[in-house]
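Here are a few notes from a look through this one, jotted down as numbered points. Have the structure open while you read.

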Amino acid sequence: MKWLVISSFVAQGALAIITGQVNFPSPLTANQEFKVALVKLTQHGENVVSLNQDVLQGRDCDGGYKGTPAAYLTVADPTSRMYKFPTINPGNYSVVAYVHDTTVKNEWIDFELPQLGYHSLDGCLYSSTKTSLCASVLEIIDDSTIFEGKDVDIRPLSPLPELNQNFVPPEDPVNTDHSSEPAFAHYTEVRPGVRALRNRGTSWQRGYSHGHILAQQILDFFNFFLLDDRVRGAPNEQKYKYDGPKGFSEGIKKHMNVSAEFTIRANGMLAGMAARAADPDDEFTMRIDLLERDFTFVDIMAINTYNSYGKISELMNQDPYYSSDSNSNSNSDSDSSSNSCTQFVFFGDEMTGDEGTIAARNMDGENDLRKVTVRSFLLFAEEPLETDEQLKVVHFMWPGFVGASSGFNERGLYFMENSGCNPPLTHDELPAGQPILRDVIYQVLSDASVPRNPTPAQGEQAILKYKSERLGGSCLDGCILVYAQPSLNRDPAEGPFGFLYEGDTWGGEMRLPNEPNTRPREDEMIMASNHYWKFHTDPLDVTGKGAADCNGKDASFSTLWRYEAGQNRVEALLRTHRLKQRQQCDLDELGSAMTVEKAKTLLRTVEHGSTEHSIIFLPDQMTFHVAISSLDAPMNDAADDEWYDVSFEEMFAL
């Protein structure tokens with residue numbers, strides 16, 4: 001990480017003063033006010049550390065229950081919306097404003113529906129660190145420093161859709177060769193705070209229902225997660241890096257490709273959104289104000305390939321942290337702390353007993369300032385009417401996703417991804433027609449031609465069905481794709497019943513349980529964080545020198561410690577279980593070596609404050625357990641939150 005020096009503005013005056021206005025497009029209610037905070041920035045040597053998302057979310061003050069992160073806090077005038085900070089001590093500050101409910105004791109931001117913003121102009125300070133925010137820095141030198149007109153724009157975040165919505169999409173304009181079952185969608189809660197969308201129809205109809213019901217949330221995800229959290233920068237910089245010359249949208253068109261089914265569903269989604277926009281009684285609009293244009297197909301592709309922003313920028317010869325402003329305070333160091341998921345799979349009579357296969361995963365790293373990925377988290381129950389070609393799929397994602405990251409199908413096949421080691425690319429061998437990984441994952445899960453219980457070779461074949469014809473791989477960035485399947489009453493010789501694929505732009509390799517020099521040395525389990533143990537990697541390097549050559553780069557400390565911690569916890573649990581067996585303990589009371597509760601313990605072991613949701617799936621039982629991080633928690637620790645169990649069948653009975 002690099003720390004960047006900023007400049008200051010000094011004017012003559014009697015006292016150090018900062019003034020400005022809060023801009024918000026809606027009127028406040030009687031119980032609301034605009035609070036404005038000056039957050040003092042820390043120093044690293046002689047350099048200033050930029051405003052940090054974790055700080056604003058209350059990491060150091062228990063979400064506002066133990067004070068606030070603000071050095072100074074004031075209330076803007078309710079009529080003019082002007083604010084003023086007089087008599088400020090020397091230091092570097094950023095200005096943050098938010099809508100506050102005067103009836104609550106907590107003085108800080110309410111993340112149930114956070115309406116907030118910070119002063120950000122071209123040249124704002126940020127680093128490549130994932131949680132860094134591009135906020136302008138105001139340096140107070142002495143009592144003669146005056147800053148005026150330091151306005152804060154608060155772009156409104158929309159409430160979630162009303163629950164218990166039933167919707168019937170129009171007839172598919174093209175596909176008439178499908179089941180005669182009626183198409184419909186139902187948006188509801190499957191458990192308290194756990195929202196779900198049951199969606200039956202052709203691919204186009206399911207896209208239409210998704211777009212119609214979740215239109216505003218799709219735009220919110222695009223604006224507040226993709227642009228603010230991934231592209232980043234001041235507003236003009238975001239527009240330049242996304243839609244400007246060699247921007248992200250141009251790179252997607254040039255380098256990425258999607259399946260025919262993705263195209264159909266995405267076009268349906270756009271049609272559903274457009275129908276909302278055309279309704280004179282609906283306030284929804286397709287307009288993306290920051291880009292000064294309407295939402296289009298390429299923006300759906302961008303949502304579904306958000307984690308490839310850095311790689312696509314690199315391919316377009318654009319630094320992902322570059323600004324159109326020559327005075328931008330940014331740098332191009334990649335951030336290894338984002339997208340930091342961990343998975344475990346256990347199976348076999350000795351390991352899991354009557355529960356059968358247990359597959360567990362933490363979804364980590366998709367943490368945006370406004371917690372959009374937490375509040376808009378959704379269980380999708382996809383029920384295609386093209387029953388000869390597509391299977392029912394349950395997956396866990398966000399509005400706007402045609403593809404999937406975490407899911408399983410009606411046959412009990414679990415297929416979920418972790419980020420892997422990013423591959424080196426030269427501009428002599430640029431990828432074209434590269435598949436979007438989340439499209440690949442959904443297509444593998446929904447494809448009825450994939451064997452019911454694929455072997456590792458068949459699992460690899462299913463992935464490579466969507467490979468880039470030019471370079472041979474199925475994921476532009478490094479990927480680790482984890483399979484799990486039912487194991488009860490099956491001959492162990494048919495296994496393994498859990499395995500994974502380590503791959504990138506060029507190809508990949510299957511990794512099986514108990515590979516040489518790869519712990520845990522167990523035949524009935526496998527685990528993964530975000531570095532390879534087989535593909536382009538010597539496992540002795542991983543254990544001996546920290547995966548010094550994982551696609552030519554050092555593996556991050558985060559992936560190494562999570563794997564080590566998870567591995568050690570697994571081994572300790574199994575050693576203890578086997579010891580008790582040898583001591584002739586009551587075997588009925590002892591239970592299985594691995595259980596759902598022990599799997600939850602493993603997920604808690606590898607959390608690091610950025611777990612937005614956690615999932616445990618039991619393919620033999622066709623049930624899953626899900627936990628979502630609390631919105632009022634200062635960090636995301638989903639595995640330590642409330643767990644809910646839901647059956648696959650229940651999702652299709654909503």
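This is a predicted model: local features need pLDDT of at least 70, side-chain atom pairs count only at pLDDT 80 or more; totals for chains, interfaces and linings use all residues.

1. Helix H5, residues 248-255, packs against helix H7, residues 297-304, at an angle of about 90 degrees, and their axes lie 10 Å apart. Since angles of 65 to 115 degrees count as roughly perpendicular, that is the label for H5 relative to H7.

2. Who touches whom here? On the H5 side you'll find Phe248, Ser249, Ile252 and Lys253, and they meet Val298, Met301 and Ala302 in H7. Sorted by type, the residues of this H5 with H7 contact come out as five nonpolar, one polar and one charged.

3. Stepping back to the whole chain, there are 17 helices and 32 strands. The radius of gyration is 25 Å, while the globule rule gives 26 Å for 654 residues; the two are close, so the chain is as compact as a globular protein of that length.

4. For the overall dimensions, picture a box of roughly 85 × 60 × 55 Å along the principal axes, filled by the C-alpha atoms of the chain.

5. How much of the chain is buried? Of its 654 residues, 61% count as such. The accessible surface comes to about 24,900 Å², and carbon and sulfur atoms account for 47% of that.

6. Last, a word on sequence separation. Take the contacts in the chain between residues at least 6 apart in sequence: 74% of them join residues at least 24 apart.

Definitions and conventions
Residues are numbered from 1 along each chain as its sequence is written. Side-chain values use heavy atoms; hydrogens and water are left out. Axes are lines fitted to C-alpha atoms, for helices over the stretch in contact, and angles run from 0 to 180 degrees between N-to-C directions. Helices (H or I, at least four residues) and strands (E, at least two) are DSSP runs, numbered from the N terminus. Angles under 35 degrees count as roughly parallel, over 145 as roughly antiparallel, 65 to 115 as roughly perpendicular and the rest as oblique. Contact means heavy atoms within 4.5 Å. Ala, Val, Leu, Ile, Met, Phe, Trp, Tyr, Cys and Pro count as nonpolar, Asp, Glu, Lys and Arg as charged, and the others, Gly among them, as polar. The radius of gyration is taken over C-alpha atoms; the globule rule is 2.2 Å times the number of residues to the power 0.38. Buried means under 20% relative accessible area, exposed over 50%, partly exposed in between (1.4 Å probe, protein chains only). Accessible areas come from the Shrake-Rupley method with a 1.4 Å probe; for residues, only the protein chains shown count as cover.
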